[in-house]
Amino acid sequence: MSLLVEGVALTPSGRPVLAPEELELRMIERVDVEFGDKRAGNMRGGLQGREADKYVAGVALVTSHRLIWLDQARAPGTEGLSCSVHLSRVIEAAPVPLKMTGAPSSSSLATRVPPGQPPPPAAPPPPAAAGRPAAFAISAGVGGVLHRQHQEHKQRQETVTEAFTDMNALMAKAKEMVTLAEHLAAVANRRQQRGTDSSGSDASDAETTEMDAMMLSMGIASPVTRETAGALYHQQLARQLADWLPQVLAKRGGILALPDVFCLFNRARGSELISPEDLLKACQLWRRLGVPLQFRRFESGVQVVQSLDRSDDEVCATLTEMINRPLGPSDDETRDAMRRMDAYSASVALGIPPTIASEYLLMAERHGILCRDDGPEATYFYPNFFPECEATY
Amino acid sequence: MAGAFAFPDFFEYPPYFTIQPTPETQRKQIELWKSLILRYCQHHKTHVLNLEEVDHPLFSNPRCDRKLSLDARRTLVDELAKGGGAEWLGSGRTRCVVLWRSVASWGEAMHAWACELGHQGTVVTVGEIADSREGPGGDFVGVDAEIVVRAARYLEATGKAAVLVGEGGDDTGVKFL
(Lines give C-alpha, C1' and ligand atoms only; values in the text may rest on other atoms or scores of the structure.)
Protein backbone atom coordinates (compact mmCIF):
# COMPACT_ATOMS: atom_id res chain seq x y z
CA MET A 1 0.00 0.00 0.00
CA SER A 2 1.32 3.41 -0.78
CA LEU A 3 1.03 6.75 0.93
CA LEU A 4 -0.63 9.29 -1.31
CA VAL A 5 -0.18 13.01 -0.69
CA GLU A 6 -1.80 16.12 -2.12
CA GLY A 7 -0.34 18.42 -4.71
CA VAL A 8 0.42 22.08 -4.00
CA ALA A 9 -0.73 25.07 -6.02
CA LEU A 10 2.10 27.56 -6.59
CA THR A 11 2.10 31.29 -7.30
CA PRO A 12 3.87 32.53 -10.48
CA SER A 13 6.98 33.20 -8.42
CA GLY A 14 6.96 29.68 -6.96
CA ARG A 15 5.58 30.17 -3.48
CA PRO A 16 2.78 27.90 -2.28
CA VAL A 17 -0.69 29.41 -2.44
CA LEU A 18 -1.74 29.62 1.20
CA ALA A 19 -5.27 29.01 2.42
CA PRO A 20 -7.11 31.82 4.21
CA GLU A 21 -5.58 32.31 7.67
CA GLU A 22 -2.77 29.86 6.91
CA LEU A 23 0.60 31.06 8.32
CA GLU A 24 4.13 29.91 7.56
CA LEU A 25 5.97 28.67 10.61
CA ARG A 26 9.25 27.23 9.47
CA MET A 27 11.20 26.55 6.31
CA ILE A 28 14.13 24.14 5.79
CA GLU A 29 16.07 23.73 2.56
CA ARG A 30 17.58 20.69 0.82
CA VAL A 31 15.11 18.22 2.24
CA ASP A 32 14.52 14.64 0.99
CA VAL A 33 11.18 12.96 1.59
CA GLU A 34 10.97 9.30 2.51
CA PHE A 35 7.57 7.69 2.39
CA GLY A 36 7.19 4.68 4.65
CA ASP A 37 9.77 2.67 6.44
CA LYS A 38 12.92 1.94 4.45
CA ARG A 39 13.69 -1.17 6.49
CA ALA A 40 10.26 -2.64 5.84
CA GLY A 41 10.94 -1.98 2.20
CA ASN A 42 7.39 -2.41 1.04
CA MET A 43 6.09 1.13 1.37
CA ARG A 44 6.03 3.72 -1.34
CA GLY A 45 4.29 7.04 -1.70
CA GLY A 46 4.01 10.45 -3.23
CA LEU A 47 1.59 12.14 -5.60
CA GLN A 48 -0.95 9.93 -7.31
CA GLY A 49 0.74 8.22 -10.25
CA ARG A 50 4.18 9.63 -9.28
CA GLU A 51 4.92 7.23 -6.41
CA ALA A 52 8.01 5.88 -8.10
CA ASP A 53 9.67 9.30 -8.44
CA LYS A 54 12.36 10.52 -6.09
CA TYR A 55 11.40 13.38 -3.78
CA VAL A 56 14.85 14.79 -3.08
CA ALA A 57 16.57 18.15 -2.47
CA GLY A 58 13.39 20.17 -2.03
CA VAL A 59 12.34 22.82 0.45
CA ALA A 60 10.18 21.75 3.38
CA LEU A 61 7.71 24.22 4.81
CA VAL A 62 5.59 23.88 7.92
CA THR A 63 2.53 26.08 7.99
CA SER A 64 -0.25 26.32 10.52
CA HIS A 65 -2.25 23.99 8.26
CA ARG A 66 0.10 21.82 6.25
CA LEU A 67 3.45 20.18 5.85
CA ILE A 68 4.59 21.25 2.38
CA TRP A 69 7.47 19.98 0.26
CA LEU A 70 8.46 22.12 -2.71
CA ASP A 71 10.20 20.51 -5.67
CA GLN A 72 13.25 22.65 -6.49
CA ALA A 73 14.02 20.71 -9.69
CA ARG A 74 10.68 21.52 -11.30
CA ALA A 75 10.36 23.21 -14.64
CA PRO A 76 9.53 26.96 -14.32
CA GLY A 77 5.80 27.61 -14.16
CA THR A 78 4.93 24.03 -13.17
CA GLU A 79 4.39 22.40 -9.80
CA GLY A 80 6.64 19.37 -10.45
CA LEU A 81 6.55 16.95 -7.57
CA SER A 82 5.65 19.60 -4.96
CA CYS A 83 3.32 17.98 -2.44
CA SER A 84 1.73 18.54 0.92
CA VAL A 85 0.20 16.70 3.85
CA HIS A 86 -2.57 18.32 5.79
CA LEU A 87 -1.75 18.40 9.48
CA SER A 88 -5.11 16.78 10.26
CA ARG A 89 -3.69 13.60 8.70
CA VAL A 90 -0.67 13.71 10.94
CA ILE A 91 -1.39 11.48 13.91
CA GLU A 92 0.92 9.64 16.19
CA ALA A 93 -0.92 6.39 16.10
CA ALA A 94 -0.83 6.02 12.31
CA PRO A 95 1.22 3.12 11.10
CA VAL A 96 3.18 4.81 8.27
CA PRO A 97 6.14 7.06 8.94
CA LEU A 98 6.82 10.04 6.64
CA LYS A 99 10.34 11.33 6.98
CA MET A 100 11.78 14.59 5.70
CA THR A 101 15.53 14.67 5.97
CA GLY A 102 17.50 17.84 5.49
CA ALA A 103 21.01 17.51 4.10
CA PRO A 104 23.80 17.82 5.10
CA SER A 105 22.92 18.33 8.77
CA SER A 106 20.93 15.82 10.75
CA SER A 107 17.89 18.11 10.83
CA SER A 108 14.86 16.08 9.99
CA LEU A 109 11.16 15.91 10.50
CA ALA A 110 9.55 12.54 10.98
CA THR A 111 5.88 12.01 11.39
CA ARG A 112 3.31 9.35 10.88
CA VAL A 113 0.55 9.52 8.38
CA PRO A 114 -2.19 6.96 7.66
CA PRO A 115 -1.69 5.36 4.25
CA GLY A 116 -4.07 5.73 1.38
CA GLN A 117 -5.69 8.65 -0.38
CA PRO A 118 -5.64 12.23 0.88
CA PRO A 119 -9.03 13.30 2.21
CA PRO A 120 -11.33 14.93 -0.34
CA PRO A 121 -10.52 18.62 -0.80
CA ALA A 122 -14.00 19.60 0.37
CA ALA A 123 -13.17 18.39 3.89
CA PRO A 124 -13.53 21.19 6.44
CA PRO A 125 -10.27 22.76 7.63
CA PRO A 126 -9.11 21.55 11.02
CA PRO A 127 -9.38 23.70 14.08
CA ALA A 128 -6.22 25.71 14.63
CA ALA A 129 -5.38 23.35 17.48
CA ALA A 130 -4.53 20.63 14.93
CA GLY A 131 -1.24 22.41 14.35
CA ARG A 132 -0.10 21.79 17.88
CA PRO A 133 3.27 20.13 18.12
CA ALA A 134 1.79 17.20 20.05
CA ALA A 135 0.81 15.83 16.68
CA PHE A 136 4.46 15.61 15.63
CA ALA A 137 6.89 12.89 16.48
CA ILE A 138 10.01 14.92 16.07
CA SER A 139 13.40 13.26 16.19
CA ALA A 140 16.25 15.75 16.41
CA GLY A 141 18.09 18.71 14.87
CA VAL A 142 16.14 21.66 13.56
CA GLY A 143 12.93 19.73 14.06
CA GLY A 144 13.72 19.32 17.72
CA VAL A 145 14.56 22.94 18.13
CA LEU A 146 11.31 23.88 16.44
CA HIS A 147 9.44 21.59 18.80
CA ARG A 148 11.06 23.13 21.89
CA GLN A 149 10.47 26.64 20.64
CA HIS A 150 6.89 25.84 20.03
CA GLN A 151 6.43 24.51 23.55
CA GLU A 152 8.05 27.57 25.08
CA HIS A 153 5.93 29.77 22.91
CA LYS A 154 2.82 27.97 24.07
CA GLN A 155 3.74 28.41 27.71
CA ARG A 156 4.40 32.06 27.24
CA GLN A 157 1.15 32.37 25.36
CA GLU A 158 -0.74 30.89 28.28
CA THR A 159 0.87 33.29 30.75
CA VAL A 160 -0.02 36.21 28.58
CA THR A 161 -3.53 34.97 28.06
CA GLU A 162 -4.08 34.67 31.79
CA ALA A 163 -2.62 38.06 32.52
CA PHE A 164 -4.52 39.90 29.86
CA THR A 165 -7.86 38.22 29.53
CA ASP A 166 -9.27 41.50 28.29
CA MET A 167 -7.11 41.18 25.22
CA ASN A 168 -9.15 38.21 24.05
CA ALA A 169 -12.00 40.41 23.01
CA LEU A 170 -9.61 42.53 20.98
CA MET A 171 -8.03 39.46 19.42
CA ALA A 172 -11.44 38.22 18.36
CA LYS A 173 -12.02 41.57 16.66
CA ALA A 174 -8.64 41.32 14.94
CA LYS A 175 -9.59 37.94 13.60
CA GLU A 176 -12.80 39.41 12.24
CA MET A 177 -10.76 42.13 10.56
CA VAL A 178 -8.48 39.57 8.91
CA THR A 179 -11.51 37.66 7.65
CA LEU A 180 -12.96 40.90 6.30
CA ALA A 181 -9.69 41.81 4.60
CA GLU A 182 -9.52 38.44 2.93
CA HIS A 183 -13.11 38.72 1.85
CA LEU A 184 -12.44 42.15 0.31
CA ALA A 185 -9.38 40.79 -1.45
CA ALA A 186 -11.45 37.98 -2.96
CA VAL A 187 -14.12 40.43 -4.10
CA ALA A 188 -11.56 42.74 -5.66
CA ASN A 189 -9.94 39.83 -7.47
CA ARG A 190 -13.25 38.75 -8.91
CA ARG A 191 -13.92 42.34 -9.95
CA GLN A 192 -10.55 42.61 -11.63
CA GLN A 193 -11.16 39.41 -13.57
CA ARG A 194 -14.51 40.70 -14.68
CA GLY A 195 -12.90 44.06 -15.51
CA THR A 196 -10.52 42.46 -18.00
CA ASP A 197 -13.41 40.79 -19.83
CA SER A 198 -15.45 43.95 -20.31
CA SER A 199 -14.74 47.49 -19.32
CA GLY A 200 -16.83 48.07 -16.23
CA SER A 201 -18.91 51.11 -15.47
CA ASP A 202 -17.46 54.16 -13.76
CA ALA A 203 -19.26 53.35 -10.52
CA SER A 204 -17.62 49.93 -10.17
CA ASP A 205 -14.26 51.47 -11.13
CA ALA A 206 -14.54 53.93 -8.25
CA GLU A 207 -15.46 51.08 -5.94
CA THR A 208 -12.49 49.08 -7.07
CA THR A 209 -10.16 52.00 -6.46
CA GLU A 210 -11.52 52.36 -2.96
CA MET A 211 -11.16 48.64 -2.42
CA ASP A 212 -7.56 48.75 -3.65
CA ALA A 213 -6.73 51.51 -1.21
CA MET A 214 -8.26 49.46 1.58
CA MET A 215 -6.44 46.32 0.51
CA LEU A 216 -3.15 48.12 0.42
CA SER A 217 -3.55 49.13 4.04
CA MET A 218 -4.75 45.64 4.98
CA GLY A 219 -1.49 44.25 3.71
CA ILE A 220 0.07 40.82 3.48
CA ALA A 221 -1.44 38.08 5.65
CA SER A 222 1.59 35.85 6.07
CA PRO A 223 4.80 37.89 5.60
CA VAL A 224 8.01 35.96 5.03
CA THR A 225 10.34 36.54 7.99
CA ARG A 226 13.86 35.54 8.90
CA GLU A 227 12.38 33.34 11.64
CA THR A 228 10.16 31.30 9.35
CA ALA A 229 12.34 31.15 6.25
CA GLY A 230 15.82 30.95 7.79
CA ALA A 231 18.49 30.49 5.14
CA LEU A 232 15.88 30.84 2.42
CA TYR A 233 14.82 34.25 3.71
CA HIS A 234 15.94 36.41 0.79
CA GLN A 235 14.78 33.94 -1.81
CA GLN A 236 11.35 33.63 -0.23
CA LEU A 237 11.18 37.37 0.28
CA ALA A 238 11.94 37.83 -3.41
CA ARG A 239 9.15 35.45 -4.31
CA GLN A 240 6.62 37.04 -1.98
CA LEU A 241 7.54 40.49 -3.28
CA ALA A 242 7.10 39.24 -6.82
CA ASP A 243 3.64 37.93 -5.97
CA TRP A 244 2.61 41.14 -4.28
CA LEU A 245 4.09 43.73 -6.67
CA PRO A 246 2.15 43.23 -9.94
CA GLN A 247 -1.15 44.51 -8.49
CA VAL A 248 0.68 47.55 -7.11
CA LEU A 249 2.57 48.19 -10.35
CA ALA A 250 -0.65 47.99 -12.35
CA LYS A 251 -1.97 51.01 -10.44
CA ARG A 252 1.24 53.02 -10.71
CA GLY A 253 2.12 53.16 -14.37
CA GLY A 254 3.93 49.80 -14.38
CA ILE A 255 7.06 51.12 -12.72
CA LEU A 256 8.12 52.05 -9.19
CA ALA A 257 11.27 53.56 -7.75
CA LEU A 258 12.96 51.30 -5.23
CA PRO A 259 12.33 53.64 -2.25
CA ASP A 260 8.60 53.60 -3.08
CA VAL A 261 8.64 49.80 -3.18
CA PHE A 262 10.36 49.78 0.19
CA CYS A 263 7.71 52.01 1.75
CA LEU A 264 4.70 50.30 0.20
CA PHE A 265 5.98 46.78 0.89
CA ASN A 266 6.72 47.51 4.51
CA ARG A 267 3.38 49.20 4.87
CA ALA A 268 1.69 46.08 3.49
CA ARG A 269 3.68 43.88 5.86
CA GLY A 270 2.68 46.02 8.79
CA SER A 271 4.78 44.63 11.63
CA GLU A 272 7.45 42.30 10.18
CA LEU A 273 9.43 45.13 8.57
CA ILE A 274 12.32 44.45 6.22
CA SER A 275 15.50 46.46 5.85
CA PRO A 276 16.48 48.31 2.64
CA GLU A 277 19.29 45.82 2.17
CA ASP A 278 16.88 42.89 2.39
CA LEU A 279 14.78 44.52 -0.31
CA LEU A 280 17.80 45.10 -2.53
CA LYS A 281 18.95 41.50 -2.13
CA ALA A 282 15.47 40.20 -2.84
CA CYS A 283 15.19 42.29 -6.03
CA GLN A 284 18.60 41.15 -7.22
CA LEU A 285 17.47 37.53 -6.89
CA TRP A 286 14.58 37.93 -9.34
CA ARG A 287 16.61 37.28 -12.46
CA ARG A 288 17.84 33.96 -11.03
CA LEU A 289 14.40 32.93 -9.82
CA GLY A 290 12.86 33.70 -13.20
CA VAL A 291 10.01 35.85 -11.88
CA PRO A 292 8.22 38.11 -14.38
CA LEU A 293 9.62 41.34 -12.90
CA GLN A 294 12.82 43.22 -13.50
CA PHE A 295 15.00 45.27 -11.28
CA ARG A 296 17.04 47.85 -13.16
CA ARG A 297 19.40 50.65 -12.51
CA PHE A 298 19.32 53.66 -14.81
CA GLU A 299 22.58 55.31 -15.80
CA SER A 300 21.97 58.10 -13.30
CA GLY A 301 21.80 55.51 -10.49
CA VAL A 302 18.04 55.65 -10.01
CA GLN A 303 16.86 52.11 -9.21
CA VAL A 304 13.41 50.91 -10.20
CA VAL A 305 11.32 47.77 -10.46
CA GLN A 306 9.08 47.18 -13.44
CA SER A 307 7.18 44.33 -15.02
CA LEU A 308 9.15 42.27 -17.51
CA ASP A 309 6.67 42.96 -20.32
CA ARG A 310 7.15 46.74 -20.07
CA SER A 311 9.75 47.31 -22.73
CA ASP A 312 11.72 50.44 -23.46
CA ASP A 313 10.36 50.37 -27.00
CA GLU A 314 6.83 50.61 -25.67
CA VAL A 315 7.69 53.64 -23.53
CA CYS A 316 9.48 55.26 -26.48
CA ALA A 317 6.38 54.72 -28.62
CA THR A 318 4.20 56.34 -25.96
CA LEU A 319 6.51 59.34 -25.70
CA THR A 320 6.61 59.70 -29.49
CA GLU A 321 2.85 59.59 -29.63
CA MET A 322 2.56 62.17 -26.84
CA ILE A 323 4.97 64.64 -28.29
CA ASN A 324 3.64 64.41 -31.84
CA ARG A 325 0.00 64.67 -30.78
CA PRO A 326 -1.69 67.29 -32.94
CA LEU A 327 -2.60 70.54 -31.25
CA GLY A 328 -6.15 70.84 -30.04
CA PRO A 329 -8.16 73.99 -30.82
CA SER A 330 -8.38 74.76 -27.09
CA ASP A 331 -4.61 75.16 -26.76
CA ASP A 332 -3.85 78.84 -26.72
CA GLU A 333 -0.24 78.28 -25.78
CA THR A 334 2.41 78.83 -28.36
CA ARG A 335 3.24 75.99 -30.72
CA ASP A 336 6.54 75.75 -28.92
CA ALA A 337 5.04 74.94 -25.54
CA MET A 338 3.03 72.03 -26.85
CA ARG A 339 5.73 70.33 -28.82
CA ARG A 340 8.13 70.07 -25.93
CA MET A 341 8.20 68.09 -22.69
CA ASP A 342 10.07 68.38 -19.46
CA ALA A 343 10.35 65.72 -16.77
CA TYR A 344 7.35 67.12 -14.96
CA SER A 345 4.92 67.15 -17.86
CA ALA A 346 6.09 63.67 -18.88
CA SER A 347 5.51 62.41 -15.35
CA VAL A 348 1.98 63.76 -15.36
CA ALA A 349 1.25 62.29 -18.78
CA LEU A 350 2.70 58.85 -17.97
CA GLY A 351 1.44 58.71 -14.38
CA ILE A 352 4.90 58.04 -12.94
CA PRO A 353 7.23 59.99 -10.62
CA PRO A 354 9.34 62.78 -12.22
CA THR A 355 12.64 61.00 -11.43
CA ILE A 356 11.56 58.01 -13.51
CA ALA A 357 9.95 60.17 -16.20
CA SER A 358 13.28 61.95 -16.51
CA GLU A 359 15.04 58.60 -17.01
CA TYR A 360 12.56 57.68 -19.72
CA LEU A 361 13.16 60.99 -21.50
CA LEU A 362 16.91 60.40 -21.41
CA MET A 363 16.39 56.89 -22.72
CA ALA A 364 14.23 58.16 -25.58
CA GLU A 365 16.95 60.72 -26.30
CA ARG A 366 19.55 57.93 -26.51
CA HIS A 367 17.23 56.09 -28.89
CA GLY A 368 17.22 59.18 -31.13
CA ILE A 369 13.51 59.89 -30.61
CA LEU A 370 13.92 63.10 -28.65
CA CYS A 371 16.51 65.84 -28.61
CA ARG A 372 17.19 68.31 -25.85
CA ASP A 373 17.13 72.02 -25.31
CA ASP A 374 19.13 73.06 -22.26
CA GLY A 375 17.12 76.22 -21.81
CA PRO A 376 17.89 78.84 -19.18
CA GLU A 377 15.10 77.64 -16.84
CA ALA A 378 14.92 73.88 -17.51
CA THR A 379 15.87 71.15 -19.93
CA TYR A 380 13.13 70.53 -22.46
CA PHE A 381 12.81 67.65 -24.85
CA TYR A 382 11.62 68.04 -28.41
CA PRO A 383 10.94 65.53 -31.17
CA ASN A 384 14.26 64.75 -32.78
CA PHE A 385 14.03 66.73 -36.01
CA PHE A 386 17.73 66.46 -36.89
CA PRO A 387 17.54 63.33 -39.08
CA GLU A 388 14.94 65.04 -41.30
CA CYS A 389 16.96 68.20 -41.88
CA GLU A 390 19.01 68.55 -45.03
CA ALA A 391 22.46 70.09 -44.69
CA THR A 392 22.01 71.47 -48.23
CA TYR A 393 18.67 73.13 -47.63
CA MET B 1 25.27 94.91 -50.32
CA ALA B 2 23.94 91.40 -50.04
CA GLY B 3 20.30 90.90 -49.11
CA ALA B 4 19.04 89.25 -45.92
CA PHE B 5 20.33 85.80 -45.35
CA ALA B 6 17.61 83.12 -45.38
CA PHE B 7 18.10 81.04 -42.26
CA PRO B 8 16.92 77.44 -42.46
CA ASP B 9 13.78 76.30 -40.62
CA PHE B 10 15.70 74.44 -37.94
CA PHE B 11 17.32 77.71 -36.86
CA GLU B 12 14.01 78.39 -35.08
CA TYR B 13 14.16 75.17 -32.99
CA PRO B 14 15.68 75.68 -29.53
CA PRO B 15 17.42 72.24 -29.46
CA TYR B 16 19.55 73.39 -32.40
CA PHE B 17 21.38 75.62 -29.92
CA THR B 18 22.24 72.83 -27.46
CA ILE B 19 24.99 70.45 -28.50
CA GLN B 20 23.17 67.10 -28.45
CA PRO B 21 24.65 64.39 -26.21
CA THR B 22 23.47 61.45 -28.33
CA PRO B 23 26.30 60.71 -30.81
CA GLU B 24 24.13 60.04 -33.88
CA THR B 25 22.03 63.15 -33.32
CA GLN B 26 25.10 65.25 -32.53
CA ARG B 27 26.83 64.19 -35.77
CA LYS B 28 23.86 65.37 -37.80
CA GLN B 29 23.57 68.57 -35.79
CA ILE B 30 27.24 69.44 -36.37
CA GLU B 31 26.81 68.75 -40.10
CA LEU B 32 23.93 71.22 -40.17
CA TRP B 33 25.90 73.85 -38.25
CA LYS B 34 29.01 73.51 -40.43
CA SER B 35 26.92 73.94 -43.54
CA LEU B 36 25.11 76.94 -42.04
CA ILE B 37 28.34 78.68 -40.99
CA LEU B 38 29.88 78.34 -44.46
CA ARG B 39 26.72 79.52 -46.23
CA TYR B 40 26.20 82.42 -43.86
CA CYS B 41 29.80 83.63 -44.22
CA GLN B 42 29.71 83.24 -47.99
CA HIS B 43 26.47 85.20 -48.18
CA HIS B 44 27.84 88.06 -46.07
CA LYS B 45 31.40 87.71 -47.43
CA THR B 46 32.58 87.27 -43.87
CA HIS B 47 36.05 85.79 -43.46
CA VAL B 48 36.81 86.22 -39.78
CA LEU B 49 34.46 85.26 -36.94
CA ASN B 50 34.84 86.50 -33.40
CA LEU B 51 33.33 83.77 -31.22
CA GLU B 52 33.19 86.07 -28.20
CA GLU B 53 30.61 88.26 -29.87
CA VAL B 54 27.75 86.93 -27.71
CA ASP B 55 24.83 88.08 -29.85
CA HIS B 56 26.37 87.31 -33.23
CA PRO B 57 23.37 86.77 -35.54
CA LEU B 58 24.89 83.51 -36.76
CA PHE B 59 25.05 82.00 -33.28
CA SER B 60 22.00 83.46 -31.57
CA ASN B 61 18.32 83.58 -32.28
CA PRO B 62 16.42 86.22 -30.29
CA ARG B 63 13.10 84.87 -31.64
CA CYS B 64 13.41 81.68 -29.60
CA ASP B 65 15.75 83.26 -27.05
CA ARG B 66 18.59 80.81 -27.59
CA LYS B 67 22.28 81.30 -28.29
CA LEU B 68 25.15 78.92 -28.73
CA SER B 69 27.59 78.83 -25.81
CA LEU B 70 31.25 79.73 -26.39
CA ASP B 71 32.23 76.07 -25.83
CA ALA B 72 29.70 74.96 -28.41
CA ARG B 73 31.02 77.55 -30.90
CA ARG B 74 34.56 76.27 -30.36
CA THR B 75 33.40 72.70 -30.90
CA LEU B 76 31.88 73.70 -34.22
CA VAL B 77 34.99 75.58 -35.39
CA ASP B 78 37.13 72.58 -34.40
CA GLU B 79 34.90 70.35 -36.47
CA LEU B 80 34.99 72.81 -39.38
CA ALA B 81 38.80 73.00 -39.15
CA LYS B 82 39.08 69.22 -39.51
CA GLY B 83 37.71 69.51 -43.04
CA GLY B 84 39.71 72.66 -43.90
CA GLY B 85 36.67 74.89 -43.54
CA ALA B 86 38.18 77.04 -40.81
CA GLU B 87 41.45 77.93 -39.11
CA TRP B 88 41.99 79.31 -35.63
CA LEU B 89 43.59 82.75 -35.36
CA GLY B 90 45.97 82.98 -32.44
CA SER B 91 46.02 80.68 -29.46
CA GLY B 92 42.98 82.10 -27.63
CA ARG B 93 40.50 80.03 -29.63
CA THR B 94 38.19 83.02 -29.84
CA ARG B 95 38.79 84.14 -33.45
CA CYS B 96 38.89 82.06 -36.58
CA VAL B 97 39.06 82.50 -40.32
CA VAL B 98 36.28 80.78 -42.22
CA LEU B 99 37.32 79.31 -45.57
CA TRP B 100 34.11 78.99 -47.51
CA ARG B 101 36.39 78.66 -50.56
CA SER B 102 39.53 76.59 -50.31
CA VAL B 103 42.92 78.31 -49.97
CA ALA B 104 43.84 76.99 -53.44
CA SER B 105 40.71 78.52 -54.92
CA TRP B 106 41.51 81.87 -53.26
CA GLY B 107 45.06 81.67 -54.61
CA GLU B 108 43.89 81.16 -58.16
CA ALA B 109 41.40 84.02 -57.77
CA MET B 110 44.13 86.31 -56.47
CA HIS B 111 46.42 85.40 -59.34
CA ALA B 112 43.66 86.15 -61.85
CA TRP B 113 43.02 89.45 -60.08
CA ALA B 114 46.73 90.43 -60.25
CA CYS B 115 47.00 89.52 -63.94
CA GLU B 116 43.90 91.56 -64.73
CA LEU B 117 45.29 94.64 -63.00
CA GLY B 118 48.81 94.18 -64.42
CA HIS B 119 50.56 93.59 -61.11
CA GLN B 120 52.83 90.90 -62.55
CA GLY B 121 56.45 91.56 -61.67
CA THR B 122 55.60 94.19 -59.09
CA VAL B 123 55.29 94.02 -55.32
CA VAL B 124 51.90 94.67 -53.76
CA THR B 125 51.43 94.71 -49.98
CA VAL B 126 48.83 92.53 -48.32
CA GLY B 127 47.08 95.64 -47.03
CA GLU B 128 46.80 97.05 -50.55
CA ILE B 129 45.34 93.82 -51.86
CA ALA B 130 42.81 93.61 -49.05
CA ASP B 131 41.80 97.27 -49.45
CA SER B 132 41.57 97.09 -53.23
CA ARG B 133 38.12 97.79 -54.57
CA GLU B 134 39.14 97.36 -58.20
CA GLY B 135 39.57 94.40 -60.43
CA PRO B 136 37.39 91.62 -61.75
CA GLY B 137 34.19 91.16 -59.80
CA GLY B 138 33.40 88.19 -57.68
CA ASP B 139 34.37 87.11 -54.23
CA PHE B 140 37.98 88.16 -54.23
CA VAL B 141 37.49 91.91 -54.04
CA GLY B 142 37.19 93.01 -50.42
CA VAL B 143 38.73 89.82 -49.13
CA ASP B 144 40.22 89.80 -45.61
CA ALA B 145 43.99 90.17 -45.15
CA GLU B 146 44.02 86.75 -43.47
CA ILE B 147 42.79 85.21 -46.70
CA VAL B 148 45.33 87.21 -48.76
CA VAL B 149 48.21 85.89 -46.65
CA ARG B 150 47.00 82.29 -47.05
CA ALA B 151 46.43 82.73 -50.81
CA ALA B 152 49.90 84.27 -51.24
CA ARG B 153 51.57 81.33 -49.48
CA TYR B 154 49.66 78.99 -51.78
CA LEU B 155 50.88 80.92 -54.88
CA GLU B 156 54.44 80.87 -53.51
CA ALA B 157 54.22 77.08 -53.09
CA THR B 158 53.01 76.70 -56.67
CA GLY B 159 55.66 79.11 -58.02
CA LYS B 160 53.32 81.91 -59.08
CA ALA B 161 54.36 84.49 -56.49
CA ALA B 162 56.98 85.32 -53.88
CA VAL B 163 56.13 86.42 -50.36
CA LEU B 164 58.35 89.23 -49.05
CA VAL B 165 58.19 89.62 -45.28
CA GLY B 166 58.85 93.20 -44.22
CA GLU B 167 60.26 94.47 -40.96
CA GLY B 168 56.87 95.35 -39.43
CA GLY B 169 53.92 92.97 -39.31
CA ASP B 170 51.76 94.94 -41.70
CA ASP B 171 53.86 95.44 -44.77
CA THR B 172 54.18 91.87 -46.00
CA GLY B 173 54.47 92.10 -49.75
CA VAL B 174 53.50 89.78 -52.55
CA LYS B 175 55.48 89.77 -55.78
CA PHE B 176 53.46 88.24 -58.57
CA LEU B 177 55.55 86.31 -61.13
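1. Asp78(B) has a relative accessibility of 27% and counts as partly exposed. The class boundaries are under 20% relative accessible area for buried, over 50% for exposed, and partly exposed in between, with a 1.4 Å probe and protein chains only.

2. Ground rules. This is a predicted model, in which local features need pLDDT of at least 70 and side-chain atom pairs count only at pLDDT 80 or more, while totals for chains, interfaces and linings use all residues. Residues are numbered from 1 along each chain as its sequence is written, chains are lettered from A and ligands numbered from 1 in the order in which they are written, and side-chain values use heavy atoms, with hydrogens and water left out.

3. Helix α2 of chain B holds a further pair. Glu79(B) and Lys82(B) form a salt bridge, with N and O 3.0 Å apart. Both residues lie in this helix, three residues apart, about one turn. Glu79(B) is partly exposed at 23% relative accessibility. Lys82(B) is exposed, at 65%.

4. Chain B overall. The chain has five helices and eight strands. These are DSSP runs numbered from the N terminus: helices are H or I with at least four residues, strands are E with at least two. Along the sequence the pattern reads α-β-β-β-α-β-β-α-β-α-α-β-β. Of its 177 residues, 42% count as buried. Contacts (heavy atoms within 4.5 Å) between residues at least 6 apart in sequence join residues at least 24 apart in 53% of cases. Accessible areas follow the Shrake-Rupley method with a 1.4 Å probe; for residues, only the protein chains shown count as cover.

5. Chain A overall. The chain has 11 helices and 14 strands. Of its 393 residues, 40% count as buried. Among contacts with a separation of 6 or more, 62% are between residues 24 or more positions apart. Chain A exposes about 21300 Å², and carbon and sulfur atoms supply 55% of this area.

6. A sheet in chain A. Three strands form an open antiparallel sheet in the order β10-β12-β11. Its edge strands are β10 (255–257) and β11 (293–297), each pairing on one side only. Neighbouring strands are turned by 25° against each other on average, direction ignored. Strands pair when DSSP finds at least two bridges between them. β11(A) and β12(A) (residues 303–307) share five bridges. In that pairing, Leu293(A) has Ser307(A) as its bridge partner.

7. What lies across this sheet? Helix α11 (residues 354–366) of chain A lies across β10 and β12, at about 115° to β10(A). Axes are lines fitted to C-alpha atoms, for helices over the stretch in contact, and angles run from 0 to 180 degrees between N-to-C directions.

8. A charged network in chain A. Salt bridges link Glu365(A), Arg372(A) and Asp374(A). Between Arg372(A) and Asp374(A), the closest N and O atoms are 3.6 Å apart. Arg372(A) is buried, at 17% relative accessible area. Asp374(A) is partly exposed, at 38%.

9. The interface. The size of an interface is often given as the accessible area lost when the parts come together. The buried area between the chains is about 1800 Å², of which carbon and sulfur atoms give 61%. This is the accessible area (1.4 Å probe) that the two parts lose on being put together, summed over both.

10. Charge across the interface. The rule finds one salt bridge between chain B and chain A. Arg66(B) meets Asp373(A) in a salt bridge, at 2.8 Å from N to O. Over all chains, the count comes to 17.

Notes: A salt bridge is a side-chain nitrogen of Lys or Arg within 4 Å of a carboxyl oxygen of Asp or Glu.
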